[in-house]
Structure formats: C-alpha cells, structure tokens
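Trainee: Hi! I'm new to this one. Could you walk me through it?

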Amino acid sequence: MHQLISSFEGLQGKVKGINYLNDGVVLVDTTPNSLFDVVNFITRELKGIFTVIIGVDAREIDGSFHNIYVFSLDELKKYVLVRVMLEGSDPKVPSITPLIKGADWSEREIRDLLGIKFINHPDPRKLIVPESWHDGVFPLRKEVSYKLRAHGPYEPYQPRRSEDVIALPYGPYHPLLHEPEYFELHVKGETVIDIEYRGFHVHRGIEKLGEARLTINQIPFVAERICGICGYVHSVCYCQVIEGAAGIEVPERALYIRSLILEIERIHSHLLWLGVACHVLGFDTGFMHAWRIREPVMHLAELLTGNRKTYGINLVGGVRRDLKEEHIDKVIKVLNEVKEGYTKFINYLTGVREVIKRLEGSGLLPRTEAISYGVVGPVARASALKRDVRVDHPYAAYKDVYFKVPVYNDCDNMARLMVRVEEVFESIDIIKQLLDKLPKGPILAENVEVAEYREGFSAVEAPRGEDVHYVMTGKYSRVYRWKVRAPSYSNIPALKVMLHECPLSDAPLTIASIDPCFSCTDRLIVVDVNTGKRFKVPMRALAKGWRP
Amino acid sequence: MRKRLQLIKEALSIGVVTRKYPFIPAEVPEGFRGLPQFDASKCIGCTACGNVCTPNAITFVDDTSLGIRRLEYYLGRCIFCGRCADVCPTSAITITKEFELASLNDRDLRLVIDIKLIKCQSCGRYFTTFRHLNTVAGKLQEGVVDLVNICPECRRKLALDSLIKLGGLK
Amino acid sequence: MLTNLLAALCVIFVVLLIPIIDGFERRIRARIQSRIGPPLKQTYYDLVKLFRKELLIPNTASRLFILAPFISISTSITALAIIPYTLNNSIGFEGDLILIVYLMIFASIATLLGGLASGNPFAEVSSSRELTLVMASELFLGLTIATLAVKYGSLSLVKISTAIVVSPSVILAYMALAYYAFIKSSRTPYDIAEAEPEIASGYAIEFSGPLLAITILSNLMKRFIASSLFTVISLGPLIALLTMPIANDVLRISVNAMLTILLSIATYLVLGSISTTYGRYRVRHAVEAVKKCSIMPLISLMLALLGL
C-alpha cells in the first residue's frame, strides 16, 4: 500500500494530495498543468492501463468541475484516480487523447454533457448528443432539468473520410436499419482501411435520471436495465460503490449469492453470443442449438431470482432473496446437464470446418494497440493481456474461489471465441465451488446509513469486460453524481484497428466478435475509396462475400 | 463429415424443445414475480409503497375536498420488482405469479384504493388516514396516545408551549 | 400419344408438388434444430400471400426486371419437361443432354439478370458474385456430361437413363452429379447470393409481390431439377431394370415415373438435411472448393476417354 504512495514521491510538486478512497482505490489530486506528467508516469512507470474519464459538476460543493482520470494497475491490484479541479466559469484542460487513444470518447462525452473544453482534442464532433442539439446546453450540469429536450433544426452527421470520397448523408433512422446506429466502412478494393462509427442514438440519460429523481435504494433497479443481457453486473457494481463509500459491511452469504448470480449471467451471455456468432457465419443450426443449451440456465435464473433477466434481488447492503436448500441441488443438476450439452456442442462446432476457417486470422488486434485503447474483457484476453477484474481487483466472493483466466496470444476472432468458450466451463466450476462453501447467516445489512458527499468507485467483470461505476453521494438519500462506463464503450473504438486491412467479408464477424451490446445484423455503409461510390449493405451480404 | 452426421443424430435424439405455450398453460416457478395484488381491507395508506416504487407506478394523491387519500396503481409503469410487497407494514400487497396481463382497455390496468383521511383536532387540517392513526395508536403507551389525534405541526407547538410552562419562561 | 400425356402429367404434378416438398425440407431442417418448424403447407401459404401483395417496381429498373422471373420459370418448366421421369423416349431427342445443360444455366442466370436489372446497387454486386459461382459449377456439370456422353455413346437423356453401363468413370460421374446437385441447390454452404426466400436479400431484394413468388418458385424448381438430374441419370438404369418385367407399357412407365419422382424427392430431402449442418462459405472459398472438386469429373472424363 504505502509502496504505491511512496512511488509517487518522484512527482513532488506536481501532485497536490494523495490518499485512499478505499482498499483498492487511490485518489491523486493534481493540477491541469501537471496532468501530462502524472499520466505519463502512471502509464509508463506504473504500467497503468487507461479506463475512463469521469466528469463531475461539483460547483455546488466547491465551485469547480472535477475531471477524474481512472487508470487500472493490474499487477498491483489497484485503481488510480487522478483528479483535476477546473474552474467553474470556464473549465479547460489539455486533452490526453494524443497520448492515449482510449481517452478519445471519454473526453468528447464530457465535452458534450458538461461543457468542459479539451485543448488539442483531434475530433471536435459531438459524440453523445445529436447533431441538432443546441450548443450551449450541457445536460449533466446541475441547472439543466432532466426533462429538458433542446433540439434545434436537423443537422446531418459529417463523417470523416479521405479527400477522394463524396459526402452523402445517410441518417440512422432509415427504414432498412435494424437498430439505430451507424457504421461506415472505407474500402479500397477488397480490404477495409478505416471505419466511421456514430452511435448513442438510444442514449437514455440514465445517469441524469439517477441524480434527479431516484433514491439510493431505487437505483439498483434502474441500473439493472442498462443492459439487456448483463444488467445484473451494473446493479452489483453500483451497490458495491455505495457500500464502499458508506462503509457498509455486506454479509458473507449475500456476497456469495451475488457471485453465484453473476456467474449464471456470464454463462447465459456467452451462450447467447455463441449463437449469434454462428448465425452471422450462416450456421443457423449452431445458433438454434446454442440457444437451446442456454434455455435451462434462464429457467435457473427464474427459479433463483424470480425473473429471467431483470433479477431485482440487489439492494444496497446485500440481497433481498435467499437461496433455498432445495434450489441448490437443482442448480447443480441443471449445470451438469448444461455442461454435457455444451461440451458436445463445442465438439460439433470444431468439426464445421468452414466456420473455423473464417474465424482464424481475421480481425487482428495487436497487444500494443489493445493497451492503448484500454480494451477489456475477452477482447483483451485474446490479445495476450491478462486482465480480469475478478483477479485484479477482487470483489464479492471471488477471493474464496480458484479459477483459471484463459489468455490467448493469437489476437484474432478465433482467440476471442476460445476465450469465451473456456470461460463458460470456468463459470460452471466457480458456481460449484461457491455452492460448496456457501456460509449461513443474514443476507442484508441492517441499518444502512449513507453519509453525504462521499465518493465511491468499483468495478465488476461483466461478460463483455470490465464494468466501472463511480458515485458521489448527495443529500437526502440521493446521489450527486453517478457515472457508468460499460465495457463495450472501451471495445468499440478498437474496431478501427481490428478492421484495418481486413477482408470485407470478415467485417461483420469481427464486429460481432467484440460482443457489442447491439444486434449484429446491422446495415453498414461501404465506401469504395477508389470510385467514391457508397453502397448500403446488410451485414449478412458482407458475410457472404459481397464486394463493391 | 462424421461429426456433421453425429450432429443430426444428436439433434433428432433430443427431439423438439419448443414448449406448446400458449396452447398449454405456462409454468412459472415458485417465487416468480408477477402482478402485485392489493388487499384494500388491509391497506392503511401509509404511502411506504409509493415511496419505494422506482418507476412511480404507485402514486398517492390527497384529495382534501373529499377527505380521502387515493392510491393509484398503474400497471403500465410497474417493473414487477416486488419492493412494494417488501415494505408494506400490513402485508396488504402480495406478489402473485400472473404475467398474462395484456388488455385492450387502459382502465383494466389501473387500480384505485381510497382511504379516509382524519382531521387534526387542533388546526383542522387533514394530516393522515384513520387506519394509519389507529395502527400507530395501538403501539403507543398510555399518556402519549392522546396526542395522536393532533397533527405534527400542532404537536410541536404544544410541546414548545409545555416546555415554556415547565421552564417558567414567559 | 398416351406416353406424351403421361410425361406432361409428370411435369404438372411436379410443379404443383414442389412447395410441399419444400415444406418437408423446412420441417426436417427445423427438427434437426430441435424446433417444431412451419406447417407442411407453409410454402403454399407464402406463395399465395405473395401473389396477393402489391407489386412495386423501382424507378431505376428496366423492363428486364419484370421479364426475368418469367424467363426463369419458363426455362425451369421446360427443363422439367425434358427430364425423362417416365424413362421413355417420348419428348426426348438426340442432343437433349446439351439442351438441359443450357436450360439450367439459363435458369440460374435469368434470375440474376433480374437482380442486375433492378438498379439496386447492392443487388448488382451480389449477382455478379453469384455468377462466378455459376460459371464454376456449370463447368463441373459440363465435364460430367461429357463423360457420360463418351461412355454411353449418345447425347440422349433417355438412352443414358435406361442403359446400364458399369465402369469406374461412370461411377465417378454419378458421384460428381450428386455433388453438383448439392452446389446447385443454393443452400448453405453455397447460398452466397440467395438466402432462404423469407430473408430475401441479394439479387432478390427488389422483387415484390407476384414477381417474388415466381422467383421463389423458380428457385425451388431449380433445386428439384438438380436432384432429379442426379436421380434419373444415376438410378434410372436400375429402375428401368426393375420394371422391365411389367408387360403393360402404360403401367410400366407410370411406375417408372412414380419411382423416379419419389427418389428425386428423397435425394432433395437428404441434400437438404446435410446442408443444415454447414455454415456459409466465403465466396472465394466456395469457388475454390468447387474448382478443387472439379478433379472428380475431370478424372472421370479422362478415364472414359481411356476406355475405362
């Protein structure tokens, strides 16, 4: 512990203060001028990997805006939060995007939502708010009501491409699109050289909602609905943050129950992804069978928690539903059947040679790029980065179980598939260990009291990667600032690298392999850089070998 | 090739896994969170459920002209979390296993419970419901019970007055 | 006269029967995927529904766009008429072997031309990709047909389907025909341009209403023709041998027709079941796979020329 603080002594004068937020999180205060030095020190000397930047409108507390830069030190098992205070009337800070590519989206988001200016940021376009949003209105500032909609006249999105291409607006709300987002692939002949992505069309303003009208114990239910597949992860992470900030001790049995449900979620999420990947490759039989194997897991979740997906069992301080004795036997029986069916399925999958051939060698993400973008989850583990929050920053009951973290060096789509395949086996094993050691006792902490203006920070390993929450508690049992960074947020920008020099028919598969939280049969725009023509192509057609 | 044929054989031995719902009734396990059922005879109008409801599916409105507190439950907003049943002090809300709740008529999705409000004996404002008052009164000791019919503001004034009298201040 | 009538009846029967065979295939595919699948008459319902829907023609389409499905279905029906289900020389003539190859190529190209004529840029490009595959597979067929012509000494389908010649080259040619039926059926792994009719994408994207119904029907017929070609040529001789004892001519050819059609249906369904276990090939790989398998008919042709 002290070792980490003492290592900062080299930056005397640049660091204003340094202390512990809780056991695994260190908060370092610094000034905007020294920001680069501190960031360089953390990324080079301490080998920290960039996670997210959090912006807080703290003008009601101390008249300033806070920018918190989060880095993960995997080997030392710590998070370092670097906080910079910016003046409330005209907040400005130099951008770290030239140093760290992963900071691109975080800074644009803070610029859109809080109005903080980032000097030298290479991309001045809006990220979160629509193009037609009024420029001076920053939604996350405290004076803006959560019911406000500030639209101006429609303005089209201006994608960036090289000079010899004609600009044509294709909106995301198009009758042909399955879901509202927008991909643009820049193509030379048969290989993709660049990609433009415009998302956030279904930005629901959950963070603002959490601050505006929800109490601390109502937020876990909203957090669960952030994601349609891995919602429980957000609920657990949020509860952990509040418990850390308020110093609440969660009973052990509750921790075990939480870990159990988290692993069940991981199993069903990976099986879902496996089915979707098979479907993108045209192997519909695989899709049907993967989901057939997944169905008993959903029944299990319904039996244990009362619902197939939105479990609703988390409260700050523990869980509200206990695990009955007769359920435990059922869990083990179902898991054994699932494991059997799953092993057979993987066996068949390896016999379908055309599927395997398409997965190997496509969508490469080299390790250095992976570090620069700060990718998480199976994407990182397939690029030789041993990152897993359950091991690096243990939470819930993961300290008490033994499991292997699969890491592959191939950096391609096949590696990502193998990582997920192995993780299902590991999850089944973890659940059995948890059930073996399940302690007796209460499941919810009594007399939960949360003090005002305390900060908390926590991370949880979702099926897609590291999910991070930050909370500053506020008055009257509410939160002052709640920040969520889902794992796909870090993984999607890395598509630029994965799709570089990638043959066009592998593009849909690559996009599906990072397991983003949207359906993968999306429409893409393919731009032929040589002729400047644009074509609307469904992903399925690309997967079948469409060429411009 | 052999593996492919094995796949066919395996699939045929597993058979069809499609459940015949809705042509057979759905099976949901015990503890499934479905529609909350309100027992109006037990409700005391304490608004604990309204406080805890995340999407504001349960809302309370005090109607002073009629002298009632109205609980409005709108199924359209309910997320079936079951928190209302957790916090209800009289167990007036139970969570059933019903989930087939679609209707063509919006009125089917709304439920209303009216509970009579009681006036403060001192200032005459409505401040709580009869039933809530009775429930609380049942748990208080002698001597304090008489103060129960007075609203919190008047009670504060009374307390201050008696403090002044005790302290001998004018 | 009666034989001609029977041959014509065969064609009508097959055309009416094809949707329900497709229904069976969809059921089998579903059972392999552990689900119930649509009712057997579903394809009929789909086609009838499509005929009642509005026909929308894009502004950029040319006249060929409307003609193409009709050209495709008429060539398919003609091809069906030429295949000797009755194993009897009624409509056939010397040289109809070449004719059938021509008709099959034309049927495939006609629908793709319709896609190209629609003006939708992305239908254009998927059509062009499918054409590459068509060229590769028709070369395959050409080599096989050449082998048979050499061994049987005739270019008449009926002669090839009734005479029994057992030799290595002919056996290889039969196997090649089976593989050709698999490629031609546009199911996974070779459904490069044409997905199943319910997810019309690729060249079929701009077809709607009656045109789409005709396109779907002609695609199904193309599949059946490919399976029939294999059955009639490979198993025809055996069937002819089996029914030779039947004295009554009309009875004999009716039994022939029933057996060939039944076996064609069986081949169709077997190929359909096999295709459910496949994922989709990339176009490059598909063309390479076909080219590699072209060794088989090539060897059989060489063996035939050597007299084996």
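Mentor: One term before we start: a residue is called buried when its relative accessible area is under 20%. Also keep in mind that this is a predicted model.
Trainee: Okay, what share of chain A do buried residues make up?
Mentor: Buried residues are 65% of the 548 residues in chain A.
Trainee: And how many helices and strands are there in chain A?
Mentor: Chain A has 19 helices and 17 strands.
Trainee: Which domains is chain A divided into?
Mentor: There is domain 1, covering 2-145, and domain 2, covering 206-513. The C-alpha centres of these domains of chain A are 26 Å apart. Their contact takes 40 residues from domain 1 and 31 residues from domain 2.
Trainee: What about contacts along chain A, how much comes from residues 24 or more positions apart?
Mentor: Taking the contacts in chain A with a separation of 6 or more, 67% are between residues 24 or more positions apart.

Trainee: Let's look inside. Which residues touch the most other members of the largest nonpolar core?
Mentor: Those are A:Y79 and A:F457, in a core of 88 residues. Helix α8 (residues 252-280) of chain A gives the largest share of this core, with 14 residues. Both domain 1 and domain 2 of chain A supply at least three residues each to this core.
Trainee: Which residues does A:F457 touch?
Mentor: Leaving out residues up to four places away in sequence, A:F457 touches several, including A:L21, A:V25, A:I54, A:Y79, A:V241 and A:Y470.
Trainee: What other core lies apart from that one?
Mentor: There is another core of 76 residues, and C:C10, C:L220, C:L269 and C:V290 are among them.

Trainee: Switching topic: how many aromatic pairs does the structure hold?
Mentor: Over all chains there are 18 aromatic pairs. One of these joins A:F50 and A:F71 in an edge-to-face arrangement, with 5.9 Å from centre to centre and 75 degrees between the planes.
Trainee: Where do those two sit in the chain?
Mentor: A:F50 is in strand β3 (residues 49-58) of chain A, while A:F71 is in strand β4 (residues 64-73) of chain A, and they are 21 residues apart.
Trainee: Are A:F50 and A:F71 buried or exposed?
Mentor: Both A:F50 and A:F71 are buried.
Trainee: Which residues form an aromatic cluster?
Mentor: A:Y395, A:Y398 and A:F403 form one.
Trainee: And what lies over the face of A:Y480?
Mentor: That is A:K142, at 4.1 Å from the ring centre. In chain C, C:R187 lies over the face of C:Y268, at 4.8 Å from the ring centre.

Trainee: Now helices. How far apart are the end C-alpha atoms of helix α4 of chain C?
Mentor: They are 30 Å apart. With 22 residues (96-117) at 1.5 Å a residue, that helix should span 32 Å, so the two values agree.
Trainee: What follows α4(C)?
Mentor: C:G119 does, and its phi is positive, near 85 degrees. C:G119 is in the loop between α4 and α5 (121-152) of chain C. With a relative accessible area of 26%, C:G119 is partly exposed.
Trainee: And helix α5 of chain B, how far does it reach?
Mentor: Helix α5 (residues 152-167) of chain B has 16 residues and reaches 22 Å from its first C-alpha to its last, close to the expected 22 Å. α5(B) is followed by B:G168, with a positive phi near 80 degrees.

Trainee: Last one: where is C:P297?
Mentor: C:P297 is in helix α11 (residues 295-305) of chain C. C:P297 is buried, with a relative accessible area of 0%.
Trainee: What is C:P297 in contact with?
Mentor: Setting aside neighbours within four places in sequence, C:P297 contacts C:F140, C:L143, C:T144, C:T147 and C:A176.

Definitions and conventions:
Residues are numbered from 1 along each chain as its sequence is written. Chains are lettered from A and ligands numbered from 1 in the order in which they are written. This is a predicted model: local features need pLDDT of at least 70, side-chain atom pairs count only at pLDDT 80 or more; totals for chains, interfaces and linings use all residues. Side-chain values use heavy atoms; hydrogens and water are left out. A nonpolar core is a set of buried Ala, Val, Leu, Ile, Met, Phe, Trp, Tyr and Cys residues joined through side-chain atoms within 4.5 Å. Buried means under 20% relative accessible area, exposed over 50%, partly exposed in between (1.4 Å probe, protein chains only). Helices (H or I, at least four residues) and strands (E, at least two) are DSSP runs, numbered from the N terminus. Domain bounds come from an automatic or database domain assignment. Contact means heavy atoms within 4.5 Å. Rings of Phe, Tyr and Trp (its six-membered ring) pair if their centres lie within 6.5 Å; planes under 30 degrees apart count as stacked, over 60 as edge-to-face and the rest as tilted. A charge sits over a ring if NZ of Lys or CZ of Arg is within 6 Å of the ring centre and within 35 degrees of the ring normal. The expected span of a helix is 1.5 Å times one less than its number of residues.
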